[in-house]
Amino acid sequence: VAKIIDGEHYAADLRDQLAVEIAELARQGIRPGLATVMAGEGYAARAYERRLRGLAGKLGCHYVCEALPENVTEADALAAVGKLDADPRVSGVLVLRPLPRQVSEVALYRLLDPVKDIEAVHPVNAGLLTLDRPRYIPSTPASAFHMLDRYLRESGRDPQEVYARSNMVLVGRSNNVGKPAVILGLNRNATVLSCDVHSFKAGLLYSHTAQADILIIAAGMPGLVTGEHVKPGVIAIDVGINPVEEPRTGKVRLVGDLDFATVAAKAEAISPVPGGVGPITDVWLLRNTVAAARAAAGLPGTEPEQRPHRLAG
Ligand code: NAD
């Protein structure tokens, strides 16, 4: 039976480290600040915003949310981002998705001050990541790889060595999650294969997942990959978060993209949903915010490009 990779436990450790770093900064008069931009009433975005507000408060960071109406014009959304760019209390800015149709995601991303762009969505930061010189590593793929790195080390293996001889298969290739995860896998010298809905429609998905030594799935489809589609001994990281309604009780619960029971029966290790990647993602975003605050304060040796926010530790 698979080992369960405990995201809550890893997140708690990261949170403790971060609290120490934030206390140190406070002694130097520096208070990191996180800002979110949200448009409309999206359920997932609101839940995420509430969690970040709580975590920022707990860690003593400044926090502000620009909550825009669903019918906001693109000009007003751009103005909101511009305001946060100019606000010295704000070290990092997160644009929550989905945005309403009339607002171009890319237009907002391009306007972000790259030093405040803690999700690395600005073209410059996305480019630096591709070149293996990341300014910030986007929080969700960072969390998936933090799990892998730490799990491999704790099970007595050298992660570098494991990656170099692994077939790594990624399912889902969104700009925010799957695509940067591909880059992180390549930068670790894994043999990487990226699948998306086109692979599925072409009937190729499962022949690829069956080859994976390491599988990372971020498709947003509950139970897309089952035990039948993986090989024995796979290490599986489930990024998906899907609300599903229990037919009998009508209660909504969250499940991942893996069919947990059947994959766990064959895997070496698996990350659960909830309690897997999610909790680490929240802390990682604050971690990037702290890195941004250090960079803005010009702390020695912390210019973002000299001090890429690496995953180790
Ligand atoms: P997205 O909708 O932007 O992208 C989904 C990707 O999956 C696309 O590339 C699509 O082609 C692919 N896909 C869809 N159906 C597929 C199929 N049948 N077979 C193969 N590929 C398929 O979503 P996203 O923002 O990348 O998020 C993906 C999932 O991860 C969602 O469930 C989301 O809630 C979750 N998520 C979790 C966290 C976290 O912290 N754990 C963070 C962000 C997103």
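This is a predicted model: local features need pLDDT of at least 70, side-chain atom pairs count only at pLDDT 80 or more; totals for chains, interfaces and linings use all residues.
**Notebook: domains, ligand shell and a helix pair**

I started with the domain assignment of the chain, which gives domain 1 (19-115) and domain 2 (139-277); such bounds come from an automatic or database assignment. I then looked up the centres of the two domains, taken over C-alpha atoms, and found them 28 Å apart.

Residues are numbered from 1 along each chain as its sequence is written.

Next, the ligand. I got 26 residues around the ligand, the closest being Gly172, Ser174, Phe200, Gly220 and Thr281 (near means a C-beta atom, placed from the backbone, within 6 Å). Two or more shell residues come from each of α9 (197-201) and α12 (277-296); helices are DSSP runs of H or I with at least four residues, numbered from the N terminus. I sorted the shell into 13 nonpolar, 11 polar and two charged residues. Asp, Glu, Lys and Arg count as charged, Ala, Val, Leu, Ile, Met, Phe, Trp, Tyr, Cys and Pro as nonpolar, and the others, Gly among them, as polar.

Last, how do the axes of α6 and α8 cross? I found that helix α6 (residues 139-154) and helix α8 (residues 178-187) have axes that come within 8 Å and cross at roughly 40°. Who touches whom? Pro141, Ala144 and Phe145 in α6 meet Pro180, Ala181 and Leu184 in α8 (contact means C-beta atoms, placed from the backbone, within 7 Å). The residues of this contact are six nonpolar, no polar and no charged.

Key. Axes are lines fitted to C-alpha atoms, for helices over the stretch in contact, and angles run from 0 to 180 degrees between N-to-C directions. Two residues are in contact if their C-beta atoms, placed from the backbone, lie within 7 Å.
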